[in-house]
Amino acid sequence: MALSRLSSRSNIISRPLSAAFRRSISTDTTPITIETSLPFTAHLCDPPSRSVESSTQELLSFFRTMALMRRMEIAADSLYKAKLIRGFCHLYDGQEAVAIGMEAAITKKDAIITAYRDHCIFLGRGGSLYEVFAELMGRQDGCSRGKGGSMHFYKKDSSFYGGHGIVGAQVPLGCGIAFAQKYSKEEAVTFAMYGDGAANQGQLFEALNISALWDLPSILVCENNHYGMGTAEWRAAKSPSYYKRGDYVPGLKVDGMDAFAVKQACKFAKEHALKNGPIILEMDTYRYHGHSMSDPGSTYRTRDEISGVRQERDPIERIKKLVLSHDLATEKELKDMEKEIRKEVDDAIAKAKDCPMPEPSELFTNVYVKGFGTESFGADRKEVKAALP
Amino acid sequence: MAARIHGGAGAGAATALSTFNPKKLVAPSRTNLPARSSKRCIVAAAGSDASKSLRVGHSQKLIANAAVATKAETSATTGTGHELLLFEALQEGLEEEMDRDPHVCVMGEDVGHYGGSYKVTKGLADKFGDLRVLDTPICENAFTGMGIGAAMTGLRPVIEGMNMGFLLLAFNQISNNCGMLHYTSGGQFTIPVVIRGPGGVGRQLGAEHSQRLESYFQSIPGIQMVACSTPYNAKGLMKAAIRSENPVILFEHVLLYNLKEKIPDEEYICNLEEAEMVRPGEHITILTYSRMRYHVMQAAKTLVNKGYDPEVIDIRSLKPFDLYTIGNSVKKTHRDVPTPYAGTLEEWTVVQPAQIVTAVEQLCQ
């Protein structure tokens with residue numbers, strides 16, 4: 001990443017020297033302290049400090065990755081409208097700060113599991129744009145070989161456990177992963193993410209009970225974007241203070257549009273979970289798109305609200321302001337970066353479009369781990385005939 | 001292996017199991033059951049108090065394995081075996097696997113300190129500790145989900161449902177996550193979980209505790225289902241299920257927990273996808289599994305007396321079916337009587353041996 005920034009900087013050698021002097025910070029990791037926008041609200045614990053340690057490199061990488069995520073989601077929107085992506089497609093734009101802040105606080109040994117709004121989290125975990133688009137379009141080079149689709153992204157080597165269609169069900173899975181981490185004595189935690197809609201599922205409380213009983217290193221993260229599909233949170237939950245719902249489990253409410261607040265909270269949560277068991281984080285965030293591509297997103301909320309949030313709380317704008325105020329790059333450079341990103345995304349899409357669809361025999365692979373040598377037929381015994389591998 | 005025949009009304013005859021796969025270890029099976037007030041079943045119980053704790057009704061539901069023809073003993077296991085009850089066989093299998101692989105753990109309600117509601121996990125908590133034998137609160141959905149999540153990372157949990165009917169609460173986890181994850185992740189994750197529990201008609205346990213759920217789980221892709229019926233195959237299937245990389249649902253039966261049989265001392269595994277030939281024959285194939293096996297064997301006795309030669313296959317593997325064995329058998333006999341299992345408690349809705357005899361006679365007309 002540093003190299004690409006260097007190369008993009010090379011075209012400014014012709015600029016006046018005073019500007020060139022500023023560029024020398026592009027590769028160094030000068031520490032910067034950033035204040036979060038809002039204080040944390042805590043339940044049964046002491047909130048962490050508002051000052052977040054960061055570095056110039058981190059700040060720029062936040063901007064770059066969030067812009068990439070935003071661009072990817074918008075591109076997915078157009079692909080869906082072009083009918084190259086079908087079925088369900090749930091977009092994450094507006095919520096990028098949660099994914100990026102979380103990644104900054106943890107390692108690849110810590111596990112993340114989430115529901116179906118998983119494209120950006122997959123990217124944050126180290127997935128490539130090509131894999132994302134190939135999977136969205138159902139091609140065989142997708143991360144799940146084209147057999148999962150938008151809602152089933154997984155990346156085992158970076159401990160990303162998906163990607164689940166039934167909301168709420170991933171939280172017990174996440175607590176199970178935390179259990180396995182404790183069992184194998186890895187010093188790692190699991191972030192089980194869910195939304196404000198799924199927060200009303202009973203299995204969350206069951207899993208929380210077991211996690212608290214057995215002291216599991218599980219962190220429940222509620223991405224509260226205030227709407228469960230079309231239902232506003234005040235219509236679905238008697239108590240919308242999701243961070244307090246753990247009752248005996250501590251909780252923290254975080255401004256989810258501020259990547260540094262998210263980073264600080266996740267760091268705090270990881271330390272807490274390794275010592276004291278589960279904790280709930282509520283990320284106060286917002287999604288610009290509707291629930292999914294079939295939802296315009298404006299029947300249950302006003303356009304003014306959406307544009308208001310975009311103007312005042314947009315996570316990328318916030319990082320941009322920080323970058324500019326700390327003099328890490330100019331407007332033009334950031335715009336160039338965005339152009340580069342756009343190109344990167346377009347290239348990935350073009351490459352993914354060229355990727356072939358999975359073979360028909362793939363229909364029967366991975367149903368069982370070892371095949372049984374039986375034959376499988378299509379419904380009319382004519383269409384597809386394959387020997388299970 | 002000495003045959004222990006308990007006399008009386010021609011009932012207790014030696015039953016030898018000759019299996020289809022000659023490579024597999026074979027042990028002649030004796031099923032001696034605790035004493036009942038029964039005309040047909042004569043067995044002298046080897047002092048098992050456990051049987052008394054099982055609420056025994058009046059009738060002769062638990063019947064000695066009354067096979068009709070004595071097969072020559074296939075000598076696969078020479079040497080001493082040891083006799084035990086089915087739940088002990090399950091426990092032995094579980095314990096051996098837990099010794100062998102530190103990734104195996106057990107979770108369920110009352111499996112730890114209480115020893116298991118049917119004593120299958122008795123003693124394991126003392127031996128392996130609380131981290132490997134986990135008492136869960138009553139939340140099937142959550143702890144099944146947790147077992148599946150743990151399996152995704154490489155642990156091998158054995159999830160016990162206190163009763164198969166309770167696992168309906170976890171159906172979403174079993175169906176959507178357990179069965180599908182290997183497929184939807186393109187092969188990245190395997191779920192080597194074993195979900196086991198007793199089901200089926202007990203003794204007046206009530207409608208909700210007497211369900212047979214095989215047909216519900218049958219439609220879930222990606223899982224294997226097996227049903228055990230004797231201590232020998234219970235231990236073998238338990239071990240094979242734990243070692244399998246696929247999610248396996250092991251169906252046990254409440255009323256079979258006290259079956260006694262001699263099993264080999266040495267380690268053995270039963271093939272998960274294979275059916276067991278209980279009694280070879282020529283005229284008609286009767287497919288059965290779990291408790292119905294015993295009803296069928298009793299009916300077989302009547303049938304032989306009437307001149308038929310039934311072939312009885314215990315299908316054991318419910319999903320996927322062992323079509324090879326079954327197919328060969330049906331090709332031989334060209335007639336097939338599956339014995340499905342009714343799910344309610346009334347005596348006359350459970351298929352009785354007499355009904356099996358009638359069905360066979362009708363088919364052979």
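The model is predicted, and the values below are computed from it.

Of the 365 residues in chain B, 61% are buried.

Attention can now turn to the partner. Where the two chains touch, 45 residues come from chain B and 40 residues from chain A. The area buried between them is about 3600 Å², with carbon and sulfur atoms giving 67%. On the chain B side, the residues that lose the most area to chain A are M146(B), Y183(B) and Q188(B), which together account for 20% of what that side buries.

As for polar pairings, 12 residue pairs are in polar contact between chain B and chain A, both residues being at pLDDT 80 or more. Salt bridges between chain B and chain A, by contrast, number zero.

Which elements of chain B supply at least two residues each to the side that touches chain A? They are the strands β2 (104-108) and β3 (133-135), together with the helices α4 (140-153), α5 (171-179) and α6 (181-184). The largest share, 10 residues, belongs to α4(B). Sorted by class, this side of chain B holds 20 nonpolar, 20 polar and five charged residues.

Conventions:
Residues numbered from 1 in each chain as written. Chains lettered and ligands numbered in written order. Predicted model: local features only at pLDDT ≥ 70, side-chain atom pairs only at ≥ 80, totals over all residues. Heavy atoms only, no water. Contact = heavy atoms within 4.5 Å. Buried area = accessible area lost by both parts, 1.4 Å probe. Salt bridge = Lys/Arg side-chain N within 4 Å of Asp/Glu carboxyl O. Polar contact = N/O pair within 3.5 Å; in protein donor to acceptor, adjacent residues only side chain to side chain. Helix = DSSP H or I, 4+ residues; strand = E, 2+ residues; numbered from the N terminus. Nonpolar A, V, L, I, M, F, W, Y, C, P; charged D, E, K, R; others polar. Buried < 20%, exposed > 50% of the residue type's maximum accessible area, 1.4 Å probe, protein only.
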